[in-house]
Amino acid sequence: MNKNAIYLEGGATGQDSKEVRIRCQQAFSKLLDKMGFEGRKPKLVACGGREKVFTRYCTEHSGASGQYIAMWIDSEEPIKNDIEKAWEHLGQLKDVKFFSKPEGANDDQVLFMTTCMETWIIADIETLKDYYGDKLNTNPLNPKSQTLESMVRGQALEAIQKATLNCNNPYKKGVESYKIIGKLNPSSLALRLPSFARVKRILNERL
């Protein structure tokens, strides 16, 4: 029985939080299938906010024996140094104080969306064109002076909101987010996002 597990940052805290968590898990499951992990996927658990993700991860990590236990979270800020040094990055976050590397934890147990899920979404313009149609404005999705993963938190969200402003279904966080995540092309993401390529490499090694 596969006891590997990844705890996901995702899921609202409001009235529809259960549906959003289910959608989150389904979206990541579809994405992992497209990445080539069908048949060897870990259990995926959407936990809501990052503090809840970290708490659940620590609990499961402490009791794990031979399983791969990881958390998949926003990096919150661009990763300034080595993307392989995940715990070092978490320790440098100014607005998050609860992270403390558990005993025996490894860097490959921390998977990042750098800097957030919206970075993934704007990285795959072709899928966005299919999803939103002719009213999509692609201009905000092409930062001229920076790479996608160097965008500060909020820039990616602002970009996708501007791009879809005139669409019939402008972008909103929540269920809408995960509808798109499940349709993304992993090859496009890995090409433009080093942190996503890192995730694929780690999962190929650990699953």
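Author: The expected span of a helix is 1.5 Å times one less than its number of residues. Helices (H or I, at least four residues) and strands (E, at least two) are DSSP runs, numbered from the N terminus. The model is predicted, and local features need pLDDT of at least 70, side-chain atom pairs count only at pLDDT 80 or more, and totals for chains, interfaces and linings use all residues. Residues are numbered from 1 along each chain as its sequence is written, and side-chain values use heavy atoms, with hydrogens and water left out.

Reader: How far apart are the end C-alpha atoms of α9?

Author: Helix α9 has 13 residues, which at 1.5 Å a residue should span 18 Å. The distance between its end C-alpha atoms agrees with that expectation, being 18 Å.

Reader: How many salt bridges does the structure hold?

Author: Side chains of opposite charge can pair when their charged atoms come close. A salt bridge here requires a side-chain nitrogen of Lys or Arg within 4 Å of a carboxyl oxygen of Asp or Glu. The number of salt bridges in the structure is 12.

Reader: How many residues apart are E84 and R198?

Author: Their side chains meet in a salt bridge, 3.3 Å from N to O. E84 is in the loop between β3 and α3 (86–92), while R198 is in helix α9 (residues 194–206), so the pair links distant parts of the chain. The separation of E84 and R198 is 114 residues.

Reader: How many residues apart are R201 and E84?

Author: The side chains of R201 and E84 meet in a salt bridge of 2.5 Å, N to O. This pair also links distant parts of the chain, with R201 in helix α9 and E84 in the loop between β3 and α3, and the separation is 117 residues.

Reader: What is the relative accessibility of E126?

Author: E126 forms a salt bridge with K129, the closest N and O atoms being 3.6 Å apart. Both residues lie in helix α5 (residues 125–132), three residues apart, about one turn of the helix. K129 is partly exposed because its relative accessible area is 40%. E126 counts as exposed, because its relative accessibility is 52%.

Reader: Which residues do salt bridges with shared partners join into one network?

Author: E84 has salt bridges with R198 and with R201. Salt bridges that share partners make one network of E84, R198, R201 and E205.

Reader: Which residue has its side chain in a polar contact with that of T114?

Author: T114 lies in the loop between β4 (110–113) and α4 (117–123), and it counts as buried because its relative accessibility is 2%. Leaving aside neighbours within four places in sequence, T114 is in contact (heavy atoms within 4.5 Å) with S75, I79, T119, E149 and S195. A polar contact is a pair of N or O atoms within 3.5 Å; within protein, one must be able to donate a hydrogen and the other to accept it, and residues adjacent in sequence count only if both atoms are side-chain atoms. At 2.9 Å, the polar contact of the T114 side chain is with that of S195.

Reader: What is omega for the peptide bond between T114 and T115?

Author: T115 also belongs to the loop between β4 and α4. The bond joining T114 and T115 is cis, with omega about 0°.

Reader: Which residue of β2 stands opposite Y7?

Author: In a regular strand the side chains alternate between the two faces of the sheet. In β1 (residues 5–8), A5 and Y7 point one way and I6 and L8 the other, and all are buried. Strands pair if DSSP finds at least two bridges between them, and β1 runs parallel to β2 (residues 43–46) with four bridges. The residue of β2 opposite Y7 is V45.

Reader: Which residue of β3 stands opposite I6?

Author: Strand β1 also pairs with β3 (residues 69–74), in the parallel sense and over four bridges. Opposite I6, the residue in β3 is A70.

Reader: What phi does E76 take?

Author: E76 is in the loop between β3 and α3 and is buried, because its relative accessible area is 9%. Although E76 is not a glycine, its phi is positive, about 70°.

Notes: Buried < 20%, exposed > 50% of the residue type's maximum accessible area, 1.4 Å probe, protein only.
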